[in-house]
Amino acid sequence: MVRIIPMASSIRPSLSSFRFSGGVSTSRFGLSLSPLRLPPHLHFSHLTSITFLWFESFKAFENCGNQGRDASGRKCGTPSTATAQETALEWVKKDKRRMLHVVYRVGDLDRTIKFYTECLGMKLLRKRDIPEERYTNQGFKLRSRSQDSHFVIELTYNYGGDKYDIGTAFGHFGIAVEDVAKAVELIKAKGGKVTREPGPVKGGSTVIAFIEDPDGYKFELIERGPTPEPLRQVMLRVGDLDRSITFYEKAFGMELLCTRDNPEYKYTIAMMGYGPEDKNAVLELTYNYGVTEYDKGNGYAQIAIGTDDVYKTAEGIKLFGGKIMREPGPLPGINTKITACLDPDGWKTVFVDNIDFLKELE
């Protein structure tokens, strides 16, 4: 039996207002920094590096004693972590974020294109070959959806890489179809592999089926009526569900849509996303009772998420315990600004500047 646990509304911390004088400016998350004043004979070009002192307010700065610490015991110039986190949370809630695409590696592009277009009804959006980096990208969408507003699949073929290990951590992709039985019949007729026949989900009434693509990636077919986002979900396994929920809420600004606990089969899932599950692609995090570590393999790569500011995004991720794998900045050649990070379980996510992403599509 599945228990659905309703969630309370997300925390919305309030921010203190700060007032400054004397030319002090604020950083991306409201921390103040003092302007650097140089002697008249010294120009910025003469300096190799410049260090700015960060502090919360003039009062904290002025109250520094001989020991270099303020009244709270912090070193002068050290911002409050709690204040920075509150400011970051407020900005994340206002940022225009959505899931753009999921990326994974395949061993034979022609074979995969044939399967996705004939069996899953997808359409090839674009193909980009990067010979100097020895890989090719393919973008796929379901039906007639446009990539500038819908979640899509991006396949990567690395020259010479014909087989990948999917591991035990990656779960599956979810696709909404209007008739699961008919979809399975078509897949079988095209030579596709069905790993679970159509039928009600365990503990529920929704009709589902499971299939595998030629590289072994699993797809859950979910019977639903017409939906604005047919590519429904990406399922990943995590070792500590509460830790993951907190991280995705605060660092990524996702909403916890619901949790479903299934004690009979010893697992709990959490649906995370940027809008209602019936209208948006979501991230399904699965915790299997007692399992804290998984093998990630080398097939699944990452999810890409749009943001208005990759620099602020990276700062927020650092504040909430994420690991930045690529500092924010433009990609060589195309100038699209991105930043890449790892969550507490090591799952990679790339944040892409919204405006740059649309320019790239054009």
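Visitor: How many helices and strands does the chain have?

Guide: The chain has seven helices and 20 strands. Helices (H or I, at least four residues) and strands (E, at least two) are DSSP runs, numbered from the N terminus. This is a predicted model, in which local features need pLDDT of at least 70 and side-chain atom pairs count only at pLDDT 80 or more, while totals for chains, interfaces and linings use all residues. Residues are numbered from 1 along each chain as its sequence is written, and side-chain values use heavy atoms, with hydrogens and water left out.

Visitor: What percentage of the residues in the chain is buried?

Guide: Of the 362 residues in the chain, 44% are buried. Buried means under 20% relative accessible area, exposed means over 50%, and partly exposed lies in between (1.4 Å probe, protein chains only).

Visitor: Why is strand β20 largely enclosed?

Guide: Strand β20 covers residues 348-353, and five of its six residues are buried, so it is largely enclosed by the rest of the structure.

Visitor: Which strands pair with β20?

Guide: Strand β17 (residues 300-307) runs parallel to β20 and is joined to it by five bridges. Strand β19 (residues 337-342) pairs with β20 in the antiparallel sense, also over five bridges. Two strands pair if DSSP finds at least two bridges between them. As for individual partners, A304 is bridged to V350 in β20, and L342 stands opposite K348 in β20.

Visitor: What lies between β19 and β20?

Guide: These two strands form a hairpin with five residues between them. In the turn, G346 has a positive phi of about 90 degrees.

Visitor: Which elements give two or more residues to the lining of the largest cavity?

Guide: Those elements are β17 and β20. β17 gives the most, with three residues. The lining includes Y300, I303, I305, K348 and T349.

Visitor: How do the residues of that lining divide into nonpolar, polar and charged?

Guide: The lining of the largest cavity has nine nonpolar residues, one polar and one charged. Ala, Val, Leu, Ile, Met, Phe, Trp, Tyr, Cys and Pro count as nonpolar, Asp, Glu, Lys and Arg as charged, and the others, Gly among them, as polar.

Visitor: Is R111 buried, partly exposed or exposed, and where is it found?

Guide: R111 is found in helix α3 (residues 109-118). At 35% relative accessibility, R111 counts as partly exposed.

Visitor: What is R111 in contact with, beyond its neighbours within four places in sequence?

Guide: R111 is in contact with P214 and D215, where contact means heavy atoms within 4.5 Å. The side chains of R111 and D215 make a polar contact at 3.4 Å. A polar contact is a pair of N or O atoms within 3.5 Å; within protein, one must be able to donate a hydrogen and the other to accept it, and residues adjacent in sequence count only if both atoms are side-chain atoms.

Notes:
1 Å grid on protein atoms, 1.4 Å probe; cavity = no way out; pocket = protein on both sides within 12 Å on 5 of 7 lines; lining within 4 Å.
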